[in-house]
Amino acid sequence: MNINLTLIGQTITFIIFVWFCMKFIWPPIMKALNERRKSIADGLAAAAEGQRERERGHQDAEQLIEQAKSQAQEIIAKAEKRGAEVVAEAKNEARTEGERIITAARGEVEMETNRAREQLRVQVATLAIAGAEQILSQEVDAKAHEQMLSDLAGNL
Amino acid sequence: MASGEPLTASGYIKHHLQNLTFGNHPENGWSIAHSAQEASEMGFIAFHLDSLFWSIVLGALFLLVFRIAAVRATSDTPGSFQNFIEWIIDFIEDNVRGSFSAKNDLIAPLALTLFVWVLLMNLMDLVPVDWIPEFAKLIGVEYMKVVPTTDPNITFGLSLSVFALMIYYSIKIKGLGGFLGELTLQPFGKYMMPVNLFLEGIALIAKPLSHSLRLFGNLYAGEMIFILIALLYSTNIVLGALGGVLQWAWAVFHVLIVLLQAFIFMVLTIVYLDMAHQKH
């Protein structure tokens, strides 16, 4: 139990050990601990942010679906309207075409009638002359009566 | 069990309490002391090789283990070793934060070093008292005292260093005048200066004394009881068995003392240095 130089030796050892601990042990471990504390805090914040983000995304998606639905509704309505229009147009066209065909047919019929009438008129004139010749049983001066006959034919 | 001497109880105890001393003997010159007589004749110019050896080995072990943890330290998920080291660091950090109000980057590493180092030195007490000395005898070393904290040189080496830091920071923070004022102007005012100096001087000197003697005394007593229990082994089989039980029981109890004394030593260091940082 003598007090001797061991005391000094221990003191020097102590100083060196504390110096080493202060220089090479405490700071890196404290640094790691603080960094971890920070990264955990950051992680928790990020998780909370993610949660909010997800909710926002959910809402956005719902909104989009709503929009898409209403757009689809609109498109269907438009298509129905357009269909109705097309049918109406077709009807109109058909009607016009029909009328045109009828008009053309009428014109033709009239032309045919006129022609027939012309022919008939010529034939009637001839027939009349022949009839008159028969009735008179004599030669008639065709030239003398031609005026009268053509007047007659014109009255037909 | 000193070689050659007949085995007596007092010889056994004395042998266990003798350090391996290397010093300047007045007759033999620089040599290893072969008896307690020679060791004390060396006076101050001597080293306790065993105390210093174990103290340095255990301190180096502490530094090595913690250095590995410090190198591996990342902010990622820690492994179990990492976790254990960080748990100790957190414990020290909490204590320093709780008791030390000023800002000083030296205090926490100082407290860590003291706590773990003193704890490791104390734990040597739990190694059965004869193992290491008997092994040392086999390799030709005559004396081997394995618990450095049962050597007052070691505990005073620590407490006087802390005391020096106390004085240094007292003067640095309060100024020389402030420090001297603290010693002389309280508790009775300036007209009672000698009385104040006497009282405060005792209080000041008592700090390193009680600091180191508390640790030394507890561990020395514990070691002594282990040695006394070990004496039972050489009597007869009944007492030997009783000795086994007693040794186990005392070891369990001693774990508490070992931890507690290391903790107290650290806390007192923090508190003393905190007082040195207090401005009035």
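**Close-up views of chain B and chain A**

**View 1. One salt bridge spans the interface of chain B and chain A**. A salt bridge here is a side-chain nitrogen of Lys or Arg within 4 Å of a carboxyl oxygen of Asp or Glu. The partners are A:Arg36 and B:Glu86, with N to O at 2.8 Å. Over all chains of the whole structure, the search finds 13 salt bridges. The crossing pair links helix 1 of chain A, which holds A:Arg36, to helix 4 of chain B, which holds B:Glu86. This is a predicted model: local features need pLDDT of at least 70, side-chain atom pairs count only at pLDDT 80 or more, and totals for chains, interfaces and linings use all residues. Residues are numbered from 1 along each chain as its sequence is written, chains are lettered from A in the order in which they are written, and side-chain values use heavy atoms, without hydrogens and water.

**View 2. Chain B meets chain A through 53 residues of its own and 30 residues of chain A**. Contact means heavy atoms within 4.5 Å. The buried area is about 3,700 Å², and carbon and sulfur atoms give 73% of it. Buried area is the accessible area (1.4 Å probe) that two parts lose on being put together, summed over both. On the chain B side, B:Phe44, B:Leu63 and B:Asn153 lose the most, together 17% of what that side buries.

**View 3. Eleven residue pairs are in polar contact between chain B and chain A, both residues at pLDDT 80 or more**. A polar contact pairs N or O atoms within 3.5 Å; within protein, one must be able to donate a hydrogen and the other to accept it, and residues adjacent in sequence count only if both atoms are side-chain atoms. Helix 3 of chain B gives twelve residues to the side that touches chain A, the most of any element. Helices are DSSP runs of H or I with at least four residues, strands are E runs of at least two, and both are numbered from the N terminus.

View 4. Helix 1 of chain A (residues 6–136) gives the most, five residues. B:Ile45 sits in the loop between helix 2 and strand 3 of chain B.
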